[in-house]
Amino acid sequence: MASRVALKTKSKGAKGGAKPADERSAVKCLKEWSTWTVKKAKVITHYGFIPMVIIIGMSSEPKPSISQLLSPI
Amino acid sequence: MATLVPPATNPPPPPSPDSKPAEPEKVDYMDLPCPIPYEEIHRESFMSLKPELFEGLRFDFTKGLNQRFSLSHSVFMGPTEVPSQSAEVIKIPTAHYEFGANFIDPKMMLFGRILTDGRLNARVKCDLSENLTLKANAQLTNEPHMSHGMANFDYKGSDFRTQLQLGNGALFGASYIQSVTPHLALGGEVFWAGQHRKSGIGYAARYNTDKMVATGQVASTGMVALSYVQKVSEKVSLASDFMYNYMSRDVTASLGYDYILRQCRLRGKIDSNGCTAAFLEERLNMGLNFILSAE
């Protein structure tokens, strides 16, 4: 009987340990994924913001020409 | 037979347009003006007392391609301060070229500046709806952990404004300002910085009439700032500012003036730290501005 009780508590302990481990890895996954997203977004913004503004500006009415974009006067 | 009818109770006649302006008007508390945004509460005093002082030579050239789109080229040569451990301030002469693109639309404004060392300074302002505005600004560098970004959501009501701020490094802030009478606006803000484990709460009040603006701000970080700006005439305004930090017992008072003349704008200030500054902007020609700054 003592061994059965011991077995029961062991299985309960194992189940109880598995659930928080799952949750912890889910939270860790979410953190890693959000950190990866923020890093990629920073690189994209750093390189792409000014080209994006130029593209939006060149496509607004009245459309300026490429020579106007590149010439210094 | 004409009968005398007692005159019905007439509503009082509306004030004639040439009535004396000194007549106190009945205040309609349901129709108060929208207050200015919380972060601009010291706007008038900052315009007089804190012009963009710089050291060195700066040359800015803005080329407009369109009504809304323009490019800007800017060259700066001068000493910049380098943070150092010793008490002395170290200044290193630097020179850089900055390229920028601006797109200004009634609904959306995009502003980007990139320097030769790879730093990007970007600002976006977008009207998501009639009352809700999104403003974001970011300073991105190639060095790790030195980039900052912040986004603000502003909601403008009929006589109040609220703002929610989110920044990197778990920075959260919220502020609210409400017009209480046609001249007085009161507001408060809270912020929480996760990385530095700091949080704070602050209150501000602003009283303005046509001739003067008085503002006061208290924050739990220990800062008390009071300012008073008097518009002496159309062209001249005088400002004074008092800043007190009750944690570090640091006091600064400054007095300044602002002359707005036809061709130029002259601003000067003197500080209780013994610091005097002057700033002159002059329009030499169409599209050419000349700026002198001294501190």
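1. The secondary structure of chain A comes to two helices and zero strands, where helices (H or I, at least four residues) and strands (E, at least two) are DSSP runs numbered from the N terminus. Of the 73 residues of chain A, 14% count as buried, a class that means under 20% relative accessible area, with exposed over 50% and partly exposed in between (1.4 Å probe, protein chains only).

2. This is a predicted model, in which local features need pLDDT of at least 70 and side-chain atom pairs count only at pLDDT 80 or more, while totals for chains, interfaces and linings use all residues. Residues are numbered from 1 along each chain as its sequence is written, and side-chain values use heavy atoms, with hydrogens and water left out.

3. The accessible surface of chain A comes to about 6200 Å², of which 71% belongs to carbon and sulfur atoms; such areas come from the Shrake-Rupley method with a 1.4 Å probe, and for residues only the protein chains shown count as cover.

4. On the cysteines, a search of the whole structure finds zero disulfides over all chains, a disulfide being a pair of cysteine sulfur atoms within 2.5 Å. A:Cys29 counts as exposed because its relative accessibility is 53%, whereas B:Cys126, at 18%, counts as buried.

5. In chain B, B:Leu166 lies in strand β8 (residues 160–167) and counts as partly exposed, at 32% relative accessibility. B:Thr209 is found in the loop between β11 (198–208) and β12 (212–219) of chain B, and its 27% relative accessibility likewise makes it partly exposed. B:Thr209 and B:Pro93 are 116 residues apart in sequence and 45 Å apart in space, C-alpha to C-alpha.

Terms used
Chains lettered and ligands numbered in written order.
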